[in-house]
Structures are given as C-alpha cells and as structure tokens.
Amino acid sequence: MSALEYTGQTEEAILSTLHSGRSGLTTQEAEKRLQEHGPNSLTSHQELWSDVLFRQLKSPFLYLLLGAAALSLMFGEMIDCIMIVIFVVINTSLGFYQEYKSEQTLKLLTGFIKKTSHVLRDGREVTIPSAHIVT
C-alpha cells in the first residue's frame, strides 16, 4: 500500500491495516516480520572504474568532436586533428577522474551515516538499526 492510500484513513484504520497498535509491535512480532519480509535496506551498487570510464565515453559531444577530428584528417589539417584528439583525451580523463573520485568519496561518507531509527516496541521507544524496521 502506498503512502497516499493512508492519507484519507483514520489512525485506527491505518493501525488495523498494518496489524499494529498504539504501543507499536511486540518484539516477537517485529522479529517474525523481519524474518518473513527481510531487512528494510537498499542494495548497494558497486561502481567499477570501467563503468565510470564507459559512461564518459558515451557522450554525444565526444562523438561530435571525434567526427570533427576525422574530417580534419580527411582535409589534411593534421594540427587541427591532433588538437581535437588531445582535447577529447583531456576532457575524458578529467571527467573520469572527477566522477570516480566522487563515487569513492560517496562510498566513504556512506560509512559515516548513522543508520538507526526510533520505534515503539512493546510500548517503549527503542533505537534499532533502520534495516530492522518492519511493516
């Protein structure tokens, strides 16, 4: 059920739908639901350096510049061709470096995030890992 489907309902109706109460779930019920539905977490996607590089090479602007380099070569403008290719290599290298370092920094910062939540269990507010939140 999406969050919008709950907006018109009363508190009692929502709690009934979720099979819960004002005092929250019991510890046993929460553990049972966790076993049944699994942890409440997103899967982390590992970003490989090759993925970042191929993403840099998929730029339409890059293809336009390579086409211009090919035309320059066909018309005998060797210096123009070399300059365009150098620009493409520098642009791709800098883009790759920035994006890859950003991915590594994001991975590092994710480790510092405190992933806990306050929930009601057995009528008491407790702090649990966010992955253990169940519906």
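This is a predicted model: local features need pLDDT of at least 70, side-chain atom pairs count only at pLDDT 80 or more; totals for chains, interfaces and linings use all residues.
Q: Let's start with R33; which helix is R33 in?
A: R33 sits in helix 2, the element that covers residues 27–37.

Q: And is R33 buried or exposed?
A: R33 is buried, because its relative accessible area is 7%, which is under the 20% that marks a buried residue.

Q: What does the side chain of R33 reach?
A: The side chain of R33 reaches the backbone oxygen of L18, and the distance is 3.1 Å.

Q: Which residues does R33 touch, not counting those up to four places away in sequence?
A: With those set aside, R33 touches L18, H19, L25, G38, V134 and T135, so L18 is a residue whose heavy atoms come within 4.5 Å of R33.

Q: Switching to pockets, what volume does the second largest pocket have?
A: The volume of the second largest pocket is about 270 Å³. Its lining has 15 residues, and those closest to the centre are L18, S20, G24, L25 and V134. Among these, L18, L25 and V134 are also touched by R33.

Q: Which element gives the largest share of that pocket's lining?
A: Strand 1 gives the largest share of the lining of the second largest pocket, with three residues. Helix 1, residues 11–17, and strand 1, residues 116–121, each supply at least two residues of that lining.

Q: How many residues of each class are in the lining of the second largest pocket?
A: The lining of the second largest pocket is made of seven nonpolar, four polar and four charged residues.

Q: Back to H19 for a moment; what is phi of H19 near?
A: Phi of H19 is near 55°, and this is a positive value in a residue other than glycine. For context, most residues other than glycine have a negative phi.

Q: Where is H19, and is H19 buried or exposed?
A: H19 lies in the loop between helix 1 and helix 2. H19 counts as exposed because its relative accessibility is 61%, and the cut-off for exposed is over 50%.

Q: What about D122, what is phi there and where does D122 lie?
A: D122 has phi near 55° too, a positive value in a residue other than glycine, and D122 lies in the loop between strand 1 and strand 2, the latter being residues 124–129. D122 is partly exposed, since its relative accessible area is 40%.

Q: New topic: which residues make up the largest nonpolar core?
A: The largest nonpolar core has six residues in all, namely L62, L65, A69, C81, I84 and V88. Helix 4, residues 60–74, and helix 5, residues 78–110, each supply at least two residues of this core.

Q: Within that, what is V88 in contact with, leaving aside neighbours within four places in sequence?
A: Once those neighbours are left aside, V88 is in contact with L62, L65 and L66.

Q: Last one: what separates the C-alpha atoms of F54 and F96, and those of K58 and I86?
A: F54 and F96 are 42 residues apart along the chain, and their C-alpha atoms are separated by 9.1 Å. K58 and I86 are 28 residues apart along the chain, and their C-alpha atoms are separated by 18 Å. F54 is found in helix 3, residues 49–57, and F54 is exposed, with a relative accessible area of 52%. K58 has its place in the loop between helix 3 and helix 4, and K58 is exposed as well, with a relative accessible area of 58%.

Note on methods
Residues are numbered from 1 along each chain as its sequence is written. Side-chain values use heavy atoms; hydrogens and water are left out. Helices (H or I, at least four residues) and strands (E, at least two) are DSSP runs, numbered from the N terminus. Buried means under 20% relative accessible area, exposed over 50%, partly exposed in between (1.4 Å probe, protein chains only). A polar contact is a pair of N or O atoms within 3.5 Å; within protein, one must be able to donate a hydrogen and the other to accept it, and residues adjacent in sequence count only if both atoms are side-chain atoms. On a 1 Å grid over the protein atoms alone, a cavity is a set of points where a 1.4 Å probe fits but cannot get out, and a pocket is an open set with protein on both sides within 12 Å along at least five of seven lines; lining residues have an atom within 4 Å of a point. Grid points are joined across faces, edges and corners, and a volume is the space filled by probe spheres set on the points. Ala, Val, Leu, Ile, Met, Phe, Trp, Tyr, Cys and Pro count as nonpolar, Asp, Glu, Lys and Arg as charged, and the others, Gly among them, as polar. A nonpolar core is a set of buried Ala, Val, Leu, Ile, Met, Phe, Trp, Tyr and Cys residues joined through side-chain atoms within 4.5 Å.
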